[in-house]
Amino acid sequence: MIRLRRPATAAALTLAAVATAVLGLAGPASAHVTVNPTEARQGGYGRFAFRVPNESDTASTTKVEVNLPENAPVGSVSTMPVPGWTVTVEKRKVDPPIEVHGSQLTEAVSKLTWTAAPNGGVKPGEFQEFPVSMGPLPQADRMVFKVLQTYSDGNISRWIEEPTPGGEEPENPAPVLTLTAATASASPVASAPAAAADDDDDDADTGTATAFGVAGLVAGLAGLVLGGLAFLRTRREPAAKS
């Protein structure tokens, strides 16, 4: 019995060691800062959240700096209050100006910085989301946000490496928002004739059904009248002699 158990125990320990090694390697690679959702339409507006996980076992994340790309400026950027955090907004000059709802804007948001309150922040084993609203989104293939994550012990994680198409994920990848071309929506005017035709068909069907209903009612009344006349005739006629 002992000889049978020892190989099984050794195999179990080996599998456990392999699983630990695999999970240990996979953990840090999936814990970088991301933007969610990861895809949006050019020219539109959207609500996005920068998701910041804490990779430290002993320190808290106390500051998050998000740099907006210079080559893809956005005219309107607003932040949502995050309990326990304050945010500062930095702007820069843009040339040519950005057109937003017919107005020409010469400034665009360049950086957002969230700072935790004293004794606050993202604790080990936790994550925090920082929501923003942006638009109109630029006519570009993507927006790359370079992020600095500062810990309470002074360490800084720099999520600033841009991914390359078809290449491996960088060690410290920056959050990327992929932008797709807006699709042409159906024109309300173009769809109006079809709707009118549908209404005409519905009216025709309704009229036909009404006509059949009236005809059936008339036929029923005629049958009742004829039946009554026949009954009266039989009562008036004398009985036939045998």
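Trainee: With which residue does arginine 142 form a salt bridge?

Mentor: This is a predicted model, in which local features need pLDDT of at least 70 and side-chain atom pairs count only at pLDDT 80 or more, while totals for chains, interfaces and linings use all residues. Residues are numbered from 1 along each chain as its sequence is written, and side-chain values use heavy atoms, leaving out hydrogens and water. A salt bridge requires a side-chain nitrogen of Lys or Arg within 4 Å of a carboxyl oxygen of Asp or Glu. For arginine 142, the closest N and O atoms are 3.6 Å apart, and the partner is glutamate 162.

Trainee: Is glutamate 162 buried or exposed, or in between?

Mentor: Buried means under 20% relative accessible area and exposed over 50%, with partly exposed in between (1.4 Å probe, protein chains only). Glutamate 162 has 42% relative accessibility, so this residue counts as partly exposed.

Trainee: How many residues apart are lysine 111 and glutamate 65?

Mentor: Their side chains meet in a salt bridge at 2.7 Å, N to O. Lysine 111 lies in strand E7 (residues 103–116) and glutamate 65 in strand E4 (residues 61–67), a separation of 46 residues. Strands (E, at least two residues) are DSSP runs numbered from the N terminus. The pair is therefore one linking distant parts of the chain, and its separation is 46 residues.

Terms used: Helix = DSSP H or I, 4+ residues; strand = E, 2+ residues; numbered from the N terminus.
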